[in-house]
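Reader: I have this one open on my screen and would like to go through it with you. Could you show it here before we start?
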Amino acid sequence: MHRPNGENTRAVHLPPLADPRQSPLGLPVWRSSAWSFADSAEYAETHDEKNPGFACGGVDNPTTAAFAAAVASLEGAAAPKDVAGQAFASGMAAITAVLMTFLRAGAHIVAPVPVHGGTYSLITNVLSRFGVSAGFADYGDLTRVNAAVRSNTKIIYAETLSNPTMAVSDIRGLYRIARRAGALLVVDSTFATPVVCRPLEHGADLVVHSASRYLGGHDDCDGGVAVGRPDLIAQLGEVRVDTGGTLSPDDAFLLRRGLATLPLRVRRMCATAMVFAAAVAKHPAVRRVDYPGLPG
């Protein structure tokens, strides 16, 4: 005689939800941190990326992967090569993964003066402990950047628009320096977004964003993302998993939602900022305004 499952078993094994026949227009939020498999062999092949799919929430998630792919699509609209993406729990998590992936003990990085404070601290306070040296140069003068390069320089790091002084990087010029040095050109394009500039089209190898700024645009979540050639991004994925910087599916949903209005928001912000900067620049109490749209 078949005995029905007990109360506890029934509570755990509720009837499964059938996949809807229609595809949703909105991005679903997949909050599950675990997935079912027919057997241990299927799990192992999925975990080892021999089969497509998701094995563990700490490794990847459909909603998070959709956000990373969306940013890769925007940044890679006219890139000369295929573009992939990896999403992270914050912008600094993305930057940390990039620098930890492509720098080793004895390596050297060139970065701008000024550079985002978190990035500066990461380079000088953390990576320095592991034998990574750094040179900081005024990126307004490419001869100074070139002079900062050493034989062991592995990364030329730049910001499309510097945080917070809004200095503009000559990405093509930096690309030529990086190629001569045999180094990667990594560009933080948080302030520019793909609407203003797409560094991959100008020679950058990797682009990083603090997605909680303009990509999300609603001040309700944190996240980061890195995009670039699939072979480079695959290496970043391994470090992301090893260091635990994975973006949550709920934040990924909110960030991807923000992308739909990104062009409208950025164009309006740029127009408003231009009017504001021009007006403030004329004020007798203001000594200097840092805004790239002004003649000075």
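Predicted model: local features only at pLDDT ≥ 70, side-chain atom pairs only at ≥ 80, totals over all residues.
Reader: Which residue in E4 is the bridge partner of Ile 109?
Author: Ile 109 has Ile 155 in E4 as its bridge partner.
Reader: And in what order do the strands of the sheet come?
Author: The sheet is open and is formed by 7 strands, which follow the order E1-E7-E6-E5-E4-E2-E3 with mixed pairing. At the edges are strand E1 (84-88) and strand E3 (133-137), each of which pairs on one side only. Ignoring direction, neighbouring strands of this sheet are turned against each other by 20° on average.
Reader: Which strands does helix H7 touch?
Author: Helix H7, residues 171-181, packs on the sheet and touches E4 and strand E5 (184-188), and the direction of the helix makes about 150° with that of E5.
Reader: Switching to H9, which of its residues are buried?
Author: Those are Leu 232, Ile 233, Leu 236, Gly 237, Val 239 and Arg 240.
Reader: What do they pack against?
Author: The buried residues of H9 pack against helix H4 (91-102) and against the strands E1, E5, E6 (206-210) and E7 (224-228).
Reader: How far does H9 reach from its first C-alpha to its last?
Author: Helix H9, residues 230-243, has 14 residues and reaches 20 Å, close to the 20 Å expected at 1.5 Å a residue.
Reader: Which residue follows H9?
Author: Gly 244 follows H9, and the phi of this glycine is positive, near 80°.

Notes:
Residues numbered from 1 in each chain as written. Heavy atoms only, no water. Pairing = 2+ DSSP bridges. Helix = DSSP H or I, 4+ residues; strand = E, 2+ residues; numbered from the N terminus. Axes fitted to C-alpha atoms, helices over the stretch in contact; angles between N-to-C directions. Contact = heavy atoms within 4.5 Å. Expected span 1.5 Å × (residues − 1). Buried < 20%, exposed > 50% of the residue type's maximum accessible area, 1.4 Å probe, protein only.
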